[in-house]
Amino acid sequence: MAMQPRESYQRVFELLQAHHEWFSGALPLIASENIPSPAVKEAILSDFGNRYAEGWTGERVYAGCRYIDQVEQICIDLAKQLFQVDFADVRPISGVCANLVAYTTFTTPGDTMMALAIPAGGHISMGKKEFGGTAGSVRGLNVEYFPFDTEEMNIDIDTTEKKIKKLAAEGKKPTLAMFGGSVLPFPHPIKELVPILQEHGAKSCYDAAHVAGLVAGHQFQDPMHEGADAMTCSTHKTLPGPQGGLILSRPENAEKIKKATFPGNVSNHHLHHLAGKAIMFAEMLAYGREYAAQIVKNSKALAQALHELGFKVLGEKKGFTKSHLLVADITKYGDGKTIEKKLEDANIILNRNLLPYDIKEGRHFEAPGGIRCGVSEVTRLGMKESEMKEIAQLMYRVVVKGDDPTKVGKNVNEFRKEFTRVQYAFESTRDAYEYIQLR
Ligand SMILES: *Cc1c(COP(=O)(O)O)cnc(C)c1O
């Protein structure tokens, strides 16, 4: 029998609280996630979340924007300062939405776009029509993959140049190249490829959904200063903000981008999250360099420790990683789905991931050969290199030794007890995963 409304209502709150309790004692290692500061959460709870403000600041289609306009202007100014650019549109409501704004700005349906394939680290928003990818199925773009070198874990420059020439000769010259991706351990060769793309009249956009916080903290390649025409990103992966999006560009593209955002791809732009983005940009200006540097140290330390314990971490030749994440081939111990579940039972939360050679070897997304670990969130909680060694040990016990996940899970709870507050923030007066009741 269906639950009564009051019971369902109550049940939702119980589940929310249970989730908070679980995460308070878990190791959150999902590379696309993070934990915002209490200040960001306060902004998200505000009445901004119930309002509309279509259009650009000062030119709104709605009344009631007296304070909203000022916050949005601060948000824009902070984003420009943080990334040292002359134009930022903070309205896209997610990374996918920011990519759609870029596609709307730089392409026409039917055009050719270059991007990474998903097993090579690309994202479904840059995907082909046959896989339901946003670029193909929503914008009608013909997606051509960048040739990828598995040893280097990077785009291959020479074969890409040949491919661009071949596409041009066939009358399928790309109008846009999307760099970046969801598995991005090493900087992409933008400096090398932008001049070649420009020769053929193609624009370049960098999808920094994952690495924007490292870019802001000057610990990873800076696409806008390496020649890209635009950069899109999520605001909640290495950037520790509310879930949202952002697009940066040069002033010459500003008017086209503004129109592509509104009315093109957003109406309501989630003003509570916009206020949260402003708070996060301010935190990043103050603490971003230190935070991003610790992230990179931590991911290198975790990769090295896992490697020493027998895990096959990809990119060994290049030192495993220069970003916040690493990918390991776990085919020796099982498939990605089973290992993900065992680790989850041990309160170690990460996700399975396709390896660049999985499709060739007959594996697929359901049960791929890899796992992906990101260290942004545990870094926010104050963990450093020595804690990465302990995390590697805990993973080793579950994956390699086959210890009982429930037992390891208790050790994870113990280990987490010392790391309760968000660091790299102006104020952090509450526990990171504290459940706050307003009712
Ligand atoms: C996560 C991700 C996105 C999508 O971002 P959302 O904010 O979830 O919409 C886009 N591109 C890449 C490369 C990503 O990893």
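Predicted model: local features only at pLDDT ≥ 70, side-chain atom pairs only at ≥ 80, totals over all residues.

Reader: What lies 2.8 Å from an oxygen atom of the ligand?

Author: For this, look at pairs of N or O atoms. A backbone N or O atom of Gly 95 is at that distance of 2.8 Å from a ligand oxygen. Side chains take part as well: an N or O atom in the side chain of Lys 237 is 3.0 Å from an oxygen atom of the ligand. In the side chain of His 123, an N or O atom is 3.5 Å from a nitrogen atom of the ligand. As for cover, the ligand taken alone exposes 380 Å², and the protein buries 86% of that.

Reader: Now the helices. At what angle do H10 and H13 pack?

Author: For a helix pair, read the angle, the distance between axes and the handedness. H10 (residues 271–308) and H13 (residues 385–399) pack at about 40 degrees, with axes 8 Å apart. Their crossing is right-handed. Among the residues making the contact are Ala 301, Leu 302 and Ala 305 of H10, and Met 388, Ile 391 and Ala 392 of H13. The contact residues divide into eight nonpolar, two polar and three charged.

Reader: Is the crossing of H3 and H10 left-handed or right-handed?

Author: That crossing is left-handed. The axes of H3 (residues 66–83) and H10 come within 9 Å and cross at roughly 35 degrees. The contact includes Val 71, Leu 78 and Phe 83 of H3, together with Leu 274, Phe 281 and Leu 285 of H10. Its residues divide into 15 nonpolar, one polar and two charged.

Reader: Last, the backbone. Which peptide bond is cis?

Author: Here you read the backbone angles. The bond from Phe 262 to Pro 263 is cis, with omega near 10 degrees. Pro 263 has its place in helix H9, residues 254–265.

Reader: Where does Met 153 lie?

Author: Met 153 is in the loop between strand E5 (148–149) and strand E6 (154–155). Its phi is near 50 degrees, a positive value in a residue other than glycine.

Note on methods:
Residues numbered from 1 in each chain as written. Heavy atoms only, no water. Axes fitted to C-alpha atoms, helices over the stretch in contact; angles between N-to-C directions. Helix = DSSP H or I, 4+ residues; strand = E, 2+ residues; numbered from the N terminus. Left-handed = near helix turned anticlockwise from the far one by under 90°. Contact = heavy atoms within 4.5 Å. Nonpolar A, V, L, I, M, F, W, Y, C, P; charged D, E, K, R; others polar. Polar contact = N/O pair within 3.5 Å; in protein donor to acceptor, adjacent residues only side chain to side chain. Areas by Shrake-Rupley, 256 points an atom, 1.4 Å probe, with all protein chains shown as cover.
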